Amino acid sequence: IVLRAFTSRRIDELAPEIKTLCHQLIDKFEGSSVDLLPSYATKIPVIIIARLLGVPESMADQLLKWSNDMVMMYQARRTLVLENRAVQSTVEFVEFMRGYISKRRCQKSDDLISHLITTEENGVRLTTDEMISTCILLLNAGHEATVHTLGNGIKCVIENDCDPSIFDSQAMTSQIVEEILRYDPPLHIFTRFAYESCQIGPFNIKVGEELALVLGSTGRDASIWSKPNRFDPTRAVTKNTSFGGGIHFCVGAPLARLELRIALSVLFERCPNLKLSSVPFYADLYHFHGLKALNVTV
């Protein structure tokens, strides 16, 4: 509840910050060729997360490393070596956050950590470990999916020869973001456990059974979407499941959508002649669905 309330309040304040950040990153592009994943898509969400947490922005690269390592624990490529990396980075992040929370107890500010501390002191049973878990959730969930959606979206816009002027309209930009989320979402599959027996179509699901929810397929359901395999930036907005649903709906969805709208509009405003300089391939990273690289000429 605190996380949702805090991010909702900060949404309007963050818009100009995100726009300025996007311009600053584009200003740093060197030469006529650039890989937009490490130079643009990856940096925006992790820097914004650092600001939300209240940790020094200079730690963005370290936060990124910790995040990338921690999510290895639930990827299909998982090995003992990767598990050890994930555990080590988790230990390092926890130790850092424990010290930072201790510091914030004495020097509160208008950041998420300070708000979590205040809530704890107001009688809510929120331990330091629970606060750290919340920060891990914000870092991992708030970073990975936004990076992949932005990369996938830029690819879609370029490959479909969309006119950059479509981003001149805020309403149209929001519409395109929803189409990207439908057409090429950042998470293709997620698993859930049944808390009670139920019937889904011809399947009898028993208590405790694990289900694989193929979220990516819902955006290609021909019974819901007209010509679902076609990327259509003019498609009317219809609810998609890219951010989950029900109690599992992503609390960071409003922030992710804001980052996507601003990052896309600023990029194509500044670089209207973007072209792919190499064929982009998707990384083999269950359950994330994102590109290995996004090399373009600007």
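Contact here means heavy atoms within 4.5 Å, and by that criterion Lys 275, leaving aside its neighbours within four places in sequence, is in contact with Ile 158, Asn 295, Val 296 and Thr 297. The structure is a predicted model, in which local features need pLDDT of at least 70 and side-chain atom pairs count only at pLDDT 80 or more, whereas totals for chains, interfaces and linings use all residues. Residues are numbered from 1 along each chain as its sequence is written, and side-chain values use heavy atoms, with hydrogens and water left out.

**Overall chain**

- The secondary structure of the protein chain comes to 10 helices and 7 strands, where helices (H or I, at least four residues) and strands (E, at least two) are DSSP runs numbered from the N terminus.
- The radius of gyration, taken over C-alpha atoms and compared with a globule rule of 2.2 Å times the number of residues to the power 0.38, is 20 Å for the protein chain, close to the 19 Å that the rule gives for 298 residues, so the chain is as compact as a globular protein of that length.
- Along its principal axes, the C-alpha trace of the protein chain spans about 55 × 55 × 40 Å.
- Of the 298 residues, 47% count as buried, a class that means under 20% relative accessible area, with exposed set at over 50% and partly exposed in between (1.4 Å probe, protein chains only).
- Among contacts in the protein chain between residues at least 6 apart in sequence, 66% join residues at least 24 apart.
- The accessible surface of the protein chain, from the Shrake-Rupley method with a 1.4 Å probe, comes to about 15,100 Å², of which 56% belongs to carbon and sulfur atoms.

**The sheet and Lys 275**

- An open sheet of 3 strands has the order β1-β7-β6 with antiparallel pairing, two strands being paired if DSSP finds at least two bridges between them.
- The edge strands of this sheet are β1 (33-35) and β6 (275-276), each of which pairs on one side only.
- Strand β6 is joined by 2 bridges to β7 (residues 295-297), and the two run antiparallel, with Leu 276 standing opposite Val 296 in β7.
- Lys 275 lies in strand β6 and is partly exposed, with a relative accessible area of 48%; Lys 275 and Val 296, although 21 residues apart in sequence, are 5.3 Å apart in space, C-alpha to C-alpha.

- Helix α3 (residues 43-53) is mostly covered, since 9 of its 11 residues are buried; the buried residues are Ile 44, Pro 45, Val 46, Ile 47, Ile 48, Ile 49, Ala 50, Leu 52 and Leu 53.
- After α3 comes Gly 54, whose phi is positive, near 90°.
- Ala 145 has its place in helix α7 (residues 128-159) and counts as buried at 17% relative accessibility.
- The C-alpha atoms of Ala 145 and His 289 are separated by 8.5 Å, while the two residues are 144 apart along the chain.

**Loop residues with positive phi**

- Asp 161, found in the loop between α7 and α8 (170-183), has a phi near 50°, a positive value in a residue other than glycine, and counts as exposed at 63% relative accessibility.
- Lys 227, found in the loop between α9 (215-218) and α10 (253-270), has a phi near 45°, also a positive value in a residue other than glycine, and is exposed with a relative accessible area of 55%.
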